[in-house]
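Subject: Predicted model for your review

Dear colleague,

Please find the sequence and structure below. A summary of the findings follows.

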Amino acid sequence: MAETDSPLKRLLHTSIKDFAAWLLETEVLEAHTINVELPGGDLIRTDQLFRVFFSADRSALLHIEFQGRSSHKPMKWRMLEYMARLADIDRTVDLASIVFYIGQGAGAQDTGDYAVKAPDGTDSLRWHYRVIHLWKMPAEELLALDRPGLLPLLGQTRITQAATLLPAVIIRLKAVEDRELQSRLVTSLVALIDDEGMLTMIEKLVENEELLLDTPYLRRIREQGREEGREKGREEGREEGREEGLEQGTRRGRQQAILDIVALRLNPSIETYRAVEKAITAIDNETVLEELLAAAVQAATLDDFKTKVDASAKD
């Protein structure tokens, strides 16, 4: 799992709208990454928690976990803790939690449905999260969803007809008009392929279709994943800590923190969120941003916060 952990989370960040539409079984207007400290001091990392907008006035929280064959704490108890604390952040918004199991046999016994019984046999506590055993999923089923942002997951699904499937995948990726997104998806596809034979086949197809011609670069992506696997979570944790520290010290980090809190606490419509986002990103003064961060936490209503933003913009 450590070898694929970073590529999976990079893909999730790149393709969150496709993930959300698939997992929530509805069309999605927008999806924003949320970075929020939970009660108790733990942190849900930014590639796992999202606010998803279905319409201008309807949204939900989407929480996603990727899990391999082993976990230090049983997944059902981890998810109970996560879900209870996420629900406590905003008690007015719906919450969907999903666990993707990666690798043959991972989470085979996890159903996602659990309860704690009372002495009389009734349920004192019941919780549910969706479980997707990616290793069980036929690759053709994923391809049929017709969402290009999900195609890199194919390397972790059950592939029986690679010679037929992989050319169809490359053709679909070639149709992605955004060249930068296209390159990211092809790179993610290669990073998540475990079989060397299929990897070679994809690299040849990629060269033929002129999507990415730098085959050695794709090989390096695989080597980077293997190195991350050998290092497990240690070096990744150090690097993420450095990145988070740098981000928190920048103007953009403060701006995004304000927007995350507004999205969670004050439940703005898409139009209002965009207006607030435009106003916040136009503010350069770090002292003003610190004041607005405090205001986002303390404001009783969205109008109260907008009044504070308007006043700051005039200063």
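Which order do the five strands of the open sheet have? The order is β1-β4-β5-β6-β9, with mixed pairing (strands pair if DSSP finds at least two bridges between them; helices, H or I of at least four residues, and strands, E of at least two, are DSSP runs numbered from the N terminus).

This is a predicted model, in which local features need pLDDT of at least 70, side-chain atom pairs count only at pLDDT 80 or more, and totals for chains, interfaces and linings use all residues. Residues are numbered from 1 along each chain as its sequence is written, and side-chain values use heavy atoms, with hydrogens and water left out. The mean pLDDT (the predictor's confidence in each residue, from 0 to 100) of the protein chain is 83, and 81% of its residues reach 70 or more.

In the sheet, β1 (30-33) and β9 (130-133) are the edge strands, each pairing on one side only. Strands β5 (residues 58-67) and β6 (residues 94-101) pair in the parallel sense over eight bridges, and Glu65 stands opposite Val99 in β6. Helix α2 (residues 16-24) packs on the sheet, touching β1, β4 (49-55), β5, β6 and β9 (contact means heavy atoms within 4.5 Å).

The axes of helices α12 (residues 286-298) and α13 (residues 302-314) come within 10 Å and cross at roughly 170° (axes are lines fitted to C-alpha atoms, for helices over the stretch in contact, and angles run from 0 to 180 degrees between N-to-C directions).

Yours sincerely
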